[in-house]
Amino acid sequence: QELPNFSEVIDFIVSQLKLNNINNKKMSFKPILLLGDAGLGKTYVATKLAEIFKTGFEFIDFGSVSASFVIKGASKQWRDAEVGKVFKCMLNSPTINPFILYDEIDKNSFGKSYSPETVLYQLFEPMNAKTFEDEFLELQFDASTIFNICTANELNPIATPLQSRMNIFEIKKLNKEQTRHLVKKMYAKTIVDYNIFNDSLRDTIIESME
């Protein structure tokens, strides 16, 4: 109800978790790519899901990630080396199913040798993810239960082999009716702790936001 343009994504996640439950398997689902223009709520959805699941959450901005070692750790031989974000997220999560959001993976502009994109090939392949290694710790661990979500504005910059490892959902803009409903809902949530505002927004105000 709150995010009608993400209903297909939510239905997919629910169906995958139900299937895991029926088969008595560890909770997991194929990595998801949320594709669409900026401002559609792609990042918000990922954080909201982590909040609902009460699990860990890690945000990785691909536009600013310096190299692959940020994600999988750097060898101890390097100065200022440290543990990678994937292991940190698993370590700090209360469950084995933390959410990791790889934001704007189409903005990756680094060379092939050190591109953070190369790490995703292993993380997004279930069998390989089971033996994912943090290079700083020199320790293998099972990263196949991580809930991986990516966002992008464009599909073309993303390598085809990486695209094949994800379920791609094209997020549409809200129509007028959906926008009005969302604005009213968000307003009601915003003023819940205040008694100085009107209970509802005037239609003229809502129309100015469409």
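I took helices (H or I, at least four residues) and strands (E, at least two) as DSSP runs, numbered from the N terminus, and I counted two strands as paired if DSSP finds at least two bridges between them.

The model I opened is predicted, and for it local features need pLDDT of at least 70, side-chain atom pairs count only at pLDDT 80 or more, and totals for chains, interfaces and linings use all residues. Residues are numbered from 1 along each chain as its sequence is written, and side-chain values use heavy atoms, with hydrogens and water left out.

I looked up β2 and β3 (residues 99-103), and found that five bridges join these parallel strands, with Leu101 in β3 as the bridge partner of Phe59.

I then followed helix α2 (residues 42-53), which packs on the sheet and touches β1, β2, β3 and β6, while its direction makes about 175° with that of β3. Contact here means heavy atoms within 4.5 Å, and the angles, from 0 to 180 degrees, run between N-to-C directions of axes fitted to C-alpha atoms, for helices over the stretch in contact.

Next I traced the open sheet, in which five strands with parallel pairing follow the order β2-β3-β6-β1-β7. Its edge strands, each pairing on one side only, are β2 (57-61) and β7, and the twist averages 20° from one strand to the next.

Last I examined β1 (residues 32-35), where Ile32 and Leu34 point one way, Leu33 and Leu35 point the other way, and all are buried (under 20% relative accessible area with a 1.4 Å probe, protein chains only). Leu34 has Thr151 as its bridge partner in β6 and Phe169 as its bridge partner in β7.

Key:
Buried means under 20% relative accessible area, exposed over 50%, partly exposed in between (1.4 Å probe, protein chains only).
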